[in-house]
Amino acid sequence: MASILLSETDPDVRRLLVALLERLGHDVIVLEGGVETPPPADLMLLEPASALRLEQARRIRARRPSLPVVCVSVLPVEARFLALGPLAYLTKPFTSAELDTAIEAALASACAA
């Protein structure tokens with residue numbers, strides 16, 4: 001499947017997302033705060049609610065503008081999230097099927113671009 005950069009601040013949610021993504025067959029690379037040069041990946045899964053995570057995503061996108069982004073948040077879609085260029089936005093809670101569909105669609109869109 002895909003190699004996914006995961007940026008999630010809540011440790012409990014992060015553990016759940018790692019387990020879910022691995023069960024879906026993905027390799028997961030958990031991003032800690034302040035990562036300047038992340039390892040290569042196919043997609044970034046981002047919880048963009050914190051300023052730190054938004055800035056981290058901006059830096060990564062500046063280095064890798066074609067990297068697809070899927071945002072997951074309890075917050076409704078906001079302009080500051082859309083400025084990151086996400087190809088999908090999921091509002092928590094979501095199902096594993098919804099997450100899988102969003103990831104596959106974002107990867108397909110990135111390949112078509």
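**Terms and their grounds**

Mentor: Along the sequence the chain follows the pattern β-α-β-β-α-β-α-β-α, and its secondary structure comes to four helices and five strands. Helices (H or I, at least four residues) and strands (E, at least two) are DSSP runs, numbered from the N terminus. This is a predicted model, in which local features need pLDDT of at least 70, side-chain atom pairs count only at pLDDT 80 or more, and totals for chains, interfaces and linings use all residues. Residues are numbered from 1 along each chain as its sequence is written, and side-chain values use heavy atoms, with hydrogens and water left out.

Trainee: Why is strand 1 called mostly covered?

Mentor: Buried means under 20% relative accessible area (1.4 Å probe, protein chains only). In strand 1 (residues 3-7), five of its five residues are buried, so the strand is called mostly covered. Ser3, Leu5 and Ser7 point one way and Ile4 and Leu6 the other way.

Trainee: How do you know that strand 1 pairs with strand 2 and with strand 3?

Mentor: Two strands pair if DSSP finds at least two bridges between them. Four bridges join strand 1 to strand 2 (residues 27-30), and four join strand 1 to strand 3 (residues 43-46); therefore both count as pairs. Each of these pairs runs parallel. Isoleucine 4 stands opposite valine 28 in strand 2, and its bridge partner in strand 3 is leucine 43.

Technical notes: Buried means under 20% relative accessible area, exposed over 50%, partly exposed in between (1.4 Å probe, protein chains only).
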